[in-house]
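Please look over the sequence and the 3D structure below before reading on.

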Amino acid sequence: MKTMTYAEAIREAMSEEMRRDENVMFMGEDIGLYGGAFGISVGMLDEFGEKRVKDTPISEAVIAGAAAGAAATGLRPIMEIMFSDFFTISMDALVNQAAKMRYMFGGKAQVPMVCRTPGGSGTGAAAQHSQSLEAWFCHVPGIKVVTPSTPADAYGLLKASIRDNNPIVFIEQKLLYRTKGEVPVDQDDFIIELGVADVKRQGTDVTIVTYGRMVQRALEAAEIAAEKGISVEVVDPRTLQPLDKDTIIKSVEKTGKLIVVVEAAQTGSYAGEIIASVTESDAFDFLDAPVQRLCGKDVPIPYNPTLEAAVVPQVDEIVAAIEKAVNRG
């Protein structure tokens, strides 16, 4: 084990996979000499050279189109979109081309590309740089969506994503980049299988399903609830598409209560899909309180830090939802 930041774990995963497989390459805006907008790729140009670490024009459409083409012709590109909001410019290449290619060619074409991007709010980057758009990508058949919440998960899930033969959107919450944790870099070929959830905290009274930055807030809320005698289980899907429904359902059958916490704006958020997965299953018969979803407000993310904090779930709001669930049990 080695203590690393979330950002260092991502860099280490990319570098290890590039050393392991010469077909893995990395492309994006300012990822070379500058080392990326958040410093993720510092030093990678020196190790791997311009042929495998490629600075691109300021055009997300070009980045996604080049990555899709490279993947379809035998390489395994990792592309970086500087802010997830800018995926809007690259959607045709990703949604209409990369996601469909294997299906439309009868399985004869593979598109092994990883689309890394920072998402979410909390940095004062305002409305055009702070959105949580994961539900968009989960809606497109052919794309896998990954949302790591810890350095170890970022490391293991990114290595698995690079080896996967499908287009993957890998969403990194910006505020997690400096968080530290133990990462098993010294274990032989450590990877985390896509589509497998992790129970971040065991509990018996309430299940919270959450991902990304909200995992840390849910765990903090669970600690506060524990002081009041409430046992909270926190389930982190880690991969949203495909979703590990079995682990979530099993948890709800144990606790009988479900709260889903996401940073994204509520309407059309992935919280609805998680809740539907539970209520359509046998776990519905185990519910003894109304399901709650705690999401972002349906407004653009404000620049003002006080207002920015007000539009995404906070720890005290999660604690209140836990107490509400228990009191209605």
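Helix 3 and helix 4 are roughly parallel to each other, a label given to angles under 35 degrees, while angles over 145 count as roughly antiparallel, 65 to 115 as roughly perpendicular and the rest as oblique. This is a predicted model, in which local features need pLDDT of at least 70 and side-chain atom pairs count only at pLDDT 80 or more, whereas totals for chains, interfaces and linings use all residues. Residues are numbered from 1 along each chain as its sequence is written, and side-chain values use heavy atoms, with hydrogens and water left out.

**The helix pair**

The axes of helix 3 (residues 60-72) and helix 4 (residues 91-104) come within 10 Å and cross at roughly 10 degrees. Here, axes are lines fitted to C-alpha atoms, for helices over the stretch in contact, and angles run from 0 to 180 degrees between N-to-C directions. Helices (H or I, at least four residues) and strands (E, at least two) are DSSP runs, numbered from the N terminus. On the helix 3 side, Ala64, Gly65, Ala68 and Ala72 meet Ala93, Ala98 and Met101 of helix 4, where contact means heavy atoms within 4.5 Å. By class, this contact of helix 3 with helix 4 has six nonpolar, one polar and no charged residues; Ala, Val, Leu, Ile, Met, Phe, Trp, Tyr, Cys and Pro count as nonpolar, Asp, Glu, Lys and Arg as charged, and the others, Gly among them, as polar.

A residue is buried when its relative accessible area is under 20%, exposed when it is over 50%, and partly exposed in between (1.4 Å probe, protein chains only).

| Residue | Relative accessible area | Class |
|---|---|---|
| Cys115 | 0% | buried |
| Cys138 | 10% | buried |
| Gln292 | 15% | buried |
| Gln110 | 36% | partly exposed |
| Asp30 | 41% | partly exposed |

**Cysteines**

**Two glutamines**

Gln292 is found in strand 14 (residues 292-296), and its side chain reaches the backbone oxygen of Ala321 at 2.9 Å. Leaving aside residues up to four places away in sequence, Gln292 touches Leu258, Ile259, Val260, Ile275, Ala321, Lys324 and Ala325.

Gln110 lies in the loop between helix 4 and strand 5. With residues up to four places away in sequence again not counted, Gln110 touches Ala71, Ala72, Arg102 and Asn165. Gln110 and Trp136 are 26 residues apart in sequence and 22 Å apart in space, C-alpha to C-alpha.

**Backbone details in loops**

Asp30, placed in the loop between strand 2 (24-28) and helix 2 (44-48), has a positive phi of about 60 degrees although it is not a glycine. Ala126, in the loop between strand 5 (114-119) and helix 5 (134-138), is likewise a residue other than glycine with a positive phi, near 70 degrees. Finally, a cis peptide bond with an omega of about 5 degrees joins Gln241 and Pro242, and Pro242 has its place in the loop between strand 12 (239-241) and helix 8 (245-255).

Terms used:
A polar contact is a pair of N or O atoms within 3.5 Å; within protein, one must be able to donate a hydrogen and the other to accept it, and residues adjacent in sequence count only if both atoms are side-chain atoms.
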